[in-house]
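Subject: Structure for your review

Dear colleague,

Please find below the structure that I am handing over to you.

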Amino acid sequence: MTADVVIAGAGPNGLMLACELSLAGVRPIVLERLPGRTEENRANGLVGQVVRALDRRGLYERLSGSAEPPRPAPAFVFGAMPLDLSRLDDNPMYGLAVPQRRIEQVLEERALELGVEIRRGHELTGLSQDEDGVTAEIAGPEGTYRLRTRHLVGADGGHSVTRKLCGIGFPGVTRDDSVSRGAHVTVPAELIDPVTGGLNVPGYGPIPPFMHHRTDHGLFVYAPFPTRTLVNATEWHQDGGDQPMSLDELRESVRRVLGVDLPFGPPEGPGPHQLRRLSGGNTRLAERFRDGRVLLLGDAAHVHSAIGGPGLNLGLQDAINLGWKLAAEIHGWAPPGLLDTYETERRPAAERVVMHTQAQSALIAPGPEVTALRVLLTELLRDERTTKRIADMMSGADIRYDLEGTHPLTGRPAPDLVLETETGSVRLAELTRTARPLLIDLTPDAALAGALDGRRDRVDLVTAKTSQAGLPTALLLRPDCYVAWASDSPRPDAKEHDTLRTALASAFGTAR
Ligand SMILES: Cc1cc2nc3c(=O)[nH]c(=O)nc-3n(C[C@H](O)[C@H](O)[C@H](O)COP(=O)(O)OP(=O)(O)OC[C@H]3O[C@@H](n4cnc5c(N)ncnc54)[C@H](O)[C@@H]3O)c2cc1C
């Protein structure tokens, strides 16, 4: 074998997987058909539980430029309806406004630090597989060549060549009834509301910042990011045309959506600046995420509307889910079926995103019936529990993996812990940066160490105390920081030791 894992695609998800594999002791080769990092910017931010997941790898700090832990956002939008999250006790909606270009840069820097080989200008063009591995055919700058690998992961985007080469279908729908135009612009200072940071549009009224704003004629967004301002207008049943996009075209679209002129000028400061027209969109889910030794990741496995910004919340967590399982397979200790749980765990997460982005797309469309539905939903959203359910869904906090065990935390992401260890006070997010499985023993007698006999090469033990109330006395965490087992007993009995051993075996294989 030339490589343990070949990843096709150095987008955010391929790079994240490369980092996860490296942390788990596997050196992947990443193939990227583009000769350099793309100038195109898609995402303007990260939304949901992925922000906590990145904190748990030390990447939040790099992306936010702050040593402070992430905090949930006090407000968000669902289908252009405001969500007041400030009322929630346990607000799951984390967010980080950072352009996708920067996310890719940070992930690439991290991957290179970890020793990942990234081959730019190398395009996957063919593949064949047998019982032992995959042969990838690649077109590189110096001609075509073959690379033998034990596993190949297609992180090559919505038009995935990997998916097509494996004959995996991509059923779903293509909509062509909307046109969305967006650009970085400069808005006259006198239109900016000093209190809300939103706009006061003459003849129209106030428009809050960062909120989808629905009118009878379309959808408008004003997003004053720290370094540049984005204006976006979406219309239905309108031909986008094929002429190059211009600021004048955006101005006309904004006039149709708001019914008045919004005077804005070209963006200031260094580019690249966005000037984009997108027509229609796809919602599709791969028939399967795995074909033998080939796996699909991120947009290669699922595409959907960008409304609410759920793409990277889904894809980066796919990568974190897949990385340790693939590494376990390569190291030879994966229990039977572990790699298949990548799909059984992540497909429902993707299905949920498909569902709520379609629901939101329906809620922003024009028409009196839609307006009536929005009135009804706005009433329902006054109920805190409804807001919480929507926030849990959008952030991915309602995902529970089907793991054996009765503790309410089993199958859920670990809570944020602050632990008192021999070396001082530490946040859980600082202990999980190595992506190693952890048994956290908070029992007064530190009685659980013995359960790790025969697996100490795979699972680390943390013995600690905590003053936080309402926490379990012991937790077994997978590398993706999901709880594989937990106990509330100060002195776990023989039965609990047994359930811990069962959880260890089903996640991390048999003891040596
Ligand atoms: C307009 C827009 C706005 C968005 N806004 C948000 C947002 O605010 N928040 C959010 O979370 N998500 C957002 N998304 C979604 C997000 O951008 C995608 O989910 C994300 O880019 C998917 O990452 P990926 O790594 O799976 O694929 P991609 O980013 O598509 O990367 C795939 C990579 O594979 C390479 N490649 C393709 N074929 C081959 C081949 N044969 N061999 C080698 N390399 C290959 C490509 O060059 C590319 O670099 C938005 C998307 C769009 C279109």
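**The sheet of four strands**

Four strands form an open sheet in the order E24-E23-E25-E26, with mixed pairing. Two strands are said to pair if DSSP finds at least two bridges between them; strands (E, at least two residues) and helices (H or I, at least four residues) are DSSP runs numbered from the N terminus. This is a predicted model, in which local features need pLDDT of at least 70 and side-chain atom pairs count only at pLDDT 80 or more, while totals for chains, interfaces and linings use all residues. Residues are numbered from 1 along each chain as its sequence is written, and side-chain values use heavy atoms, with hydrogens and water left out.

At the edges of this sheet are strand E24 (460-463) and strand E26 (483-487), each of which pairs on one side only. From one strand to the next, the twist averages 10°. Angles run from 0 to 180 degrees between N-to-C directions, and axes are lines fitted to C-alpha atoms, for helices over the stretch in contact.

Strand E23 (residues 438-441) pairs with E24 in the parallel sense over four bridges. Within this pair, Ile440 has Val462 in E24 as its bridge partner. The loop between E23 and E24 holds Ala446. Ala446 has a positive phi of about 45°, although it is not a glycine. Helix H12 (residues 494-508) lies across E23, strand E25 (474-477) and E26, and runs at about 170° to E26.

Contact here means heavy atoms within 4.5 Å.

E11 and E17 pair in the antiparallel sense over nine bridges, and Ser180 has Leu278 in E17 as its bridge partner. E11 and E16 are also antiparallel, with eight bridges; Gly182 stands opposite Asn232 in E16. E17 and E20 are joined in the antiparallel sense by two bridges, and the bridge partner of Arg284 in E20 is Val303. In the loop between helix H6 (247-258) and E17 is Pro272. The peptide bond from Gly271 to Pro272 is cis, with omega near 0°.

**The ligand and its surroundings**

Which residues are closest to the ligand? They are Asn13, Glu32, Gln100, Asp299 and Leu312, among the 28 residues that surround the ligand. A residue is near a molecule if one of its heavy atoms lies within 4 Å of it.

An N or O atom in the side chain of Glu32 is 2.6 Å from an oxygen atom of the ligand. For the side chain of Asp299, the corresponding distance is 2.9 Å. Leu312 contributes a backbone N or O atom, which lies 2.7 Å from an oxygen atom of the ligand. The protein covers 87% of the 1,000 Å² of accessible area that the ligand has on its own; such areas come from the Shrake-Rupley method with a 1.4 Å probe.

Helix H1 (12-23), strand E2 (28-32), strand E8 (123-129), strand E17 (275-285) and helix H7 (311-331) are the elements that give two or more residues to the shell around the ligand. One of them, E8, runs antiparallel to strand E9 (residues 134-140), and six bridges join the two. A hairpin connects E8 to E9 through four residues, and Ser128 has Thr135 in E9 as its bridge partner.

Yours sincerely,
A colleague

Note on methods:
Polar contact = N/O pair within 3.5 Å; in protein donor to acceptor, adjacent residues only side chain to side chain.
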